[in-house]
Amino acid sequence: MPSPASYMSLALSLAQEALQTGDVPVGCVIVQPDGDVIGRGRNRREERGDALAHAELEAIRQACRTLGTWRLDKATLYVTLEPCAMCAGAIINARIPVVRYGAREPHTGACGSVVNLFEESFSHRPRLYRGPLETECAQLLTDFFAQARQKGKTLSEI
């Protein structure tokens, strides 16, 4: 069975795809206990002009279609960036029990950086782990935002 690092590497490859289309490079995979990847997603906000086109939501939708249910209660979600409040809410509602994220998100992170929705009194509380490949995930984002600043873009324009 592949290691957590191999699944995060897969998420990183999806983040690279997002980068190629001008989106913030975030990728996500959802994995069953037997090792099958049941959902894949990447940011597509710029590509689709859709504020809801986050990597986690795309992966959750695909995983639900793959299994034929909204309950992803045996899956592990791997994402290259700490989920925002919208994505954390989707994770809670899909009943995903384990979340592994790469880099912290100090501006919108809802798994500890700004707030931790997984510690609130919801009926479902996923277990949360940072890593593996935290350095690689963070570097991809750092490089993306540095290039955007060189082009004269502000954070609100990205």
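Colleague: Is Asp-73 buried, partly exposed or exposed?

Modeller: Buried means under 20% relative accessible area, exposed over 50%, and partly exposed in between, with a 1.4 Å probe and protein chains only. Asp-73 has a relative accessible area of 43%, so Asp-73 is partly exposed. Before we continue, please note that this is a predicted model, in which local features need pLDDT of at least 70, side-chain atom pairs count only at pLDDT 80 or more, and totals for chains, interfaces and linings use all residues. Residues are numbered from 1 along each chain as its sequence is written, and side-chain values use heavy atoms, with hydrogens and water left out.

Colleague: With which residue does Asp-73 form a salt bridge?

Modeller: Side chains of opposite charge can pair when their charged atoms come close. The rule for a salt bridge asks for a side-chain nitrogen of Lys or Arg within 4 Å of a carboxyl oxygen of Asp or Glu. The partner of Asp-73 is Lys-74, with the closest N and O atoms 4.0 Å apart. Lys-74 is exposed, because its relative accessible area is 54%.

Colleague: How many salt bridges does this rule give?

Modeller: The count is seven. Among them is the pair of Glu-134 and Arg-130, at 3.1 Å from N to O. Glu-134 is partly exposed at 32%, and Arg-130 is also partly exposed, at 42%. Elsewhere, shared partners link Glu-17, Arg-42, Arg-44, Glu-47, Arg-48 and Glu-58 into one network of salt bridges. Within it, the closest N and O atoms of Arg-44 and Glu-47 are 3.3 Å apart. Arg-44 is buried at 16%, whereas Glu-47 is partly exposed at 40%.

Colleague: How many aromatic pairs are found in the whole structure?

Modeller: Rings of Phe, Tyr and Trp (its six-membered ring) pair if their centres lie within 6.5 Å; planes under 30 degrees apart count as stacked, over 60 as edge-to-face and the rest as tilted. The search finds two pairs. In one of them, the ring centres of Tyr-7 and Tyr-78 are 5.3 Å apart and the planes meet at 35°, so this pair is tilted. Tyr-7 is buried at 6%, and Tyr-78 is buried at 6%. Phe-144 and Phe-145 form an edge-to-face pair, with 5.1 Å between centres and 80° between planes.
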